[in-house]
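Me: I would like to go through the terms used for this model one at a time, asking in each case what the term rests on. Please set each value against its definition before concluding.

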Amino acid sequence: EKEYLGMLERNIMDGIIVASHTLQTEDYLRINRPILAMDKDFKGQIPLVHSDHKKGGKLAAEILISAGCKNVLQFTPSSKVTTPSNQRHIVFERICREKGIRVTTIETNWNSFSHQYYRQYMKEEIDKYRHTGFDGVFTADIPAIACLNVLKQKGYRIPEDVKIVGYDGVDEIYMTDPPLSSVAQNIPELAARCVDTIICIIEGKEYERHQIVDVNYVKGKSV
């Protein structure tokens with residue numbers, strides 16, 4: 001990241017769209033050059049594009065509540081990372097608790113994204129919490145897929161014993177058995193907004209500093 005920022009400072013590049021989960025925000029804030037953040041909050045100092053994560057958390061909560069869940073696990077990214085996507089988990093937990101649903105929130109490592117990491121992580125966490133009798137899970141699609149596979153290996157039936165809602169809408173949700181239900185981000189629209197906005201910044205045209213893109217529910221068979 002620092003190498004790219006150095007290139008931006010030296011006018012080798014015209015602008016940067018940052019979608020990293022970096023913790024080094026000061027490196028971006030000290031540069032007065034075209035920068036746009038996708039789902040990374042620089043406290044209003046850099047223009048921002050992201051999905052409607054509050055709506056996404058509300059949708060996920062309502063889906064699991066309607067399905068009869070009473071005791072839910074949600075796996076979240078580390079709270080060290082400042083990102084609008086964290087709002088989905090805050091809203092999810094608030095709505096569930098308002099309806100009397102038990103929610104256990106578990107943080108994953110902030111910089112671990114591999115399939116292997118999530119498989120091992122879910123094995124450990126499911127063993128740790130299986131005594132609680134949880135009947136629902138909410139997390140991003142990739143850890144949700146790992147969770148689904150681990151639960152099946154341990155003899156759980158999906159969705160009869162445990163219902164799972166993912167978040168993102170990645171292509172892999174259609175390849176699981178059963179297909180994963182997910183709150184989907186509109187990736188093409190996010191990409192288009194980012195490209196259009198960074199061009200406006202570079203060319204000195206008017207643009208919206210804070211843009212929110214709608215989400216929708218993709219119904220699979222894990223709920």
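Reply: Contact, to begin with, means heavy atoms within 4.5 Å. What covers the buried residues of helix 5 includes strand 4 (71–76), strand 5 (102–107) and helix 6 (141–153). The model is predicted, so that local features need pLDDT of at least 70 and side-chain atom pairs count only at pLDDT 80 or more, while totals for chains, interfaces and linings use all residues. Residues are numbered from 1 along each chain as its sequence is written, and side-chain values use heavy atoms, with hydrogens and water left out.

Me: What makes residues 115–129 helix 5, and how does its reach compare with the span expected at 1.5 Å a residue?

Reply: Helices are DSSP runs of H or I with at least four residues, strands are runs of E with at least two, and both are numbered from the N terminus. Helix 5 has 15 residues. The expected span is 1.5 Å times one less than the number of residues, and helix 5 reaches 21 Å from its first C-alpha to its last, close to the 21 Å expected.

Me: Which residues of helix 5 are buried, and why are they said to be on the same side?

Reply: Buried means under 20% relative accessible area, exposed means over 50%, and partly exposed lies in between, with a 1.4 Å probe and protein chains only. In helix 5 the buried residues are Tyr 117, Tyr 118, Tyr 121, Met 122, Glu 125, Ile 126 and Tyr 129. They cover an arc of only 145° around the axis, and this puts them on the same side of helix 5; the arc is that of the directions from the helix axis to the C-beta atoms.

Me: Why is the pair of Lys 128 and Glu 125 called a salt bridge?

Reply: The term requires a side-chain nitrogen of Lys or Arg within 4 Å of a carboxyl oxygen of Asp or Glu, and for Lys 128 and Glu 125 the N to O value is 3.3 Å. Both lie in helix 5, 3 residues apart, about one turn of the helix. Glu 125 is buried, with a relative accessible area of 7%, whereas Lys 128 is partly exposed at 47%.

Me: What does the salt bridge between Arg 30 and Glu 9 tie together?

Reply: The closest N and O atoms of Arg 30 and Glu 9 are 3.2 Å apart. Arg 30 lies in the loop between helix 2 (26–29) and strand 2, and Glu 9 in helix 1 (residues 2–9), so the pair ties together parts that are 21 residues apart in sequence. At 54% relative accessibility Arg 30 counts as exposed, while Glu 9, at 40%, counts as partly exposed. A search of the whole structure finds 12 salt bridges.

Me: How do you know that strand 2 and strand 3 pair, and which strands stand at the edges of the sheet?

Reply: Two strands pair if DSSP finds at least two bridges between them, and strand 2 (residues 35–38) and strand 3 (residues 48–51) pair in the parallel sense over 2 bridges. The bridge partner of Ala 37 in strand 3 is Leu 48. The open sheet of 4 strands has the order 1-2-3-9, with parallel pairing. Strand 1 (16–18) and strand 9 (210–213) stand at the edges, each with a single partner strand, so one side of each is left without a neighbour in the sheet.
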